[in-house]
Structures are given as C-alpha cells and as structure tokens.
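Could you walk me through this structure in my viewer, one selection at a time? I would like to know what to pick next and what to look for there.

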Amino acid sequence: FTNLKLSVLLLLKDEKKGHDFVSSLNSEDFDKEYKKDMYLKNFDAIAFEKQGDTTKRDLVYSELSSVIEKYLQKKSSDKEAYMDLFYTKVKFQTKTEVIKEIDSIYKDRIRDNNFVESVKQTIESLPE
C-alpha cells in the first residue's frame, strides 16, 4: 500500500501530501535505508520545479545521488539502488552524461554486463 500511494503521489506531483505522508513514516517502513530520504527529496524537488527553481531542484537531486552512492559503498551489489541512482541522475544530467558515467565508473562496480546494457537502454528510452 505504501509503495502504491507514493507512486500515485509522485505521478500527481503532489509534493505537499507526498512530503507529509513520507514524513509520517518511520525509516524502518522502507526496505532500504536511503528510501525515506529519496522520497522526501523527490517531493522537495517537485516543489522547487513547480516554483520554477531548477537550480534548487537540481541541487536536491544531486544531494539524493550522494545519499544513494553512500548506500552503494556498503551494498555494492544492490541493483535496485543503482537503478534509483541512475534514474535520479537523469533528472539533473543529460542522458548522454549518465550513460558515460555508467561506462566510466559503474560498469566495473556492477559486474553484470546484461544489467548495465539494460539500464543504458532504459535511460536512452526515457522521454526528454
């Protein structure tokens, strides 16, 4: 139920209800330690975007990327976390930049070429 509600609130870009809902939850309600922060920062970024402040929006996404990267230092085999990281990065970087970063930094860390290629194809297929 929680994941469904969060997905709907994100799709609706309802930053107020989303932020309030996530704030009401405990960190332990999420399957990964960074997820609560991820959702809070996503709703913050939506608020900045609605205000037309893309600089602050991008800063929030950059901070979120750092949070996920810190998690990945401990759990380097977590493919879902890599997906969260790359999906976050593509929100404030170009698809080309993210794909180059995957090839230069993350490909050796992930060690699953099929997964890496699938991620890159997914990123390439995202709308601009």
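Here is a short tour of this predicted model, stop by stop.

**Stop 1: the largest pocket**

Begin with the open space. The largest pocket holds about 860 Å³. Select Asn 42, Tyr 61, Tyr 87, Val 90 and Lys 91, which lie nearest the centre of the largest pocket among its 25 lining residues. Now colour helix H1 (2–12), helix H3 (35–50), H4 and helix H5 (79–89): each of them gives at least two residues to the lining. Which helix supplies the largest share of the lining? That is H3, with 6 residues.

**Stop 2: Lys 41**

Stay with helix H3 and select Lys 41, which sits in this helix. Is Lys 41 buried or exposed? Its relative accessible area is 15%, below the 20% cut-off, so Lys 41 counts as buried. Show its surroundings and, leaving out residues up to four places away in sequence, you will find Lys 41 touching Val 60, Glu 63, Leu 64 and Val 67.

**Stop 3**

Next, select helix H4, residues 54–74. Click on Ile 68, which belongs to this helix. Ile 68 is buried, because its relative accessibility is 0%. Beyond its neighbours within four places in sequence, Ile 68 contacts Tyr 34, Ala 81, Asp 84, Leu 85 and Thr 88. Draw a distance from Ile 68 to Met 38 as well: these residues are 30 apart in sequence, and their C-alpha atoms are 8.2 Å apart.

Then move to Thr 55, also found in H4. Thr 55 has a relative accessible area of 61%, so this residue counts as exposed.

**Stop 4: helices H6 and H7**

For the last stop, select helix H6 (residues 95–110) and helix H7 (residues 113–125). Their axes come within 11 Å and cross at roughly 170°. Angles over 145 degrees count as roughly antiparallel, and H6 and H7 are therefore roughly antiparallel to each other.

Display the side chains where these helices meet. On the H6 side, the contact includes Val 98, Ile 99 and Ile 102; on the H7 side, Phe 115, Val 116 and Ile 123 are among the residues. The residues of this contact divide into 8 nonpolar, 1 polar and 6 charged.

Conventions: Residues are numbered from 1 along each chain as its sequence is written. This is a predicted model: local features need pLDDT of at least 70, side-chain atom pairs count only at pLDDT 80 or more; totals for chains, interfaces and linings use all residues. Side-chain values use heavy atoms; hydrogens and water are left out. Axes are lines fitted to C-alpha atoms, for helices over the stretch in contact, and angles run from 0 to 180 degrees between N-to-C directions. Helices (H or I, at least four residues) and strands (E, at least two) are DSSP runs, numbered from the N terminus. Angles under 35 degrees count as roughly parallel, over 145 as roughly antiparallel, 65 to 115 as roughly perpendicular and the rest as oblique. Contact means heavy atoms within 4.5 Å. Ala, Val, Leu, Ile, Met, Phe, Trp, Tyr, Cys and Pro count as nonpolar, Asp, Glu, Lys and Arg as charged, and the others, Gly among them, as polar. Buried means under 20% relative accessible area, exposed over 50%, partly exposed in between (1.4 Å probe, protein chains only). On a 1 Å grid over the protein atoms alone, a cavity is a set of points where a 1.4 Å probe fits but cannot get out, and a pocket is an open set with protein on both sides within 12 Å along at least five of seven lines; lining residues have an atom within 4 Å of a point. Grid points are joined across faces, edges and corners, and a volume is the space filled by probe spheres set on the points.
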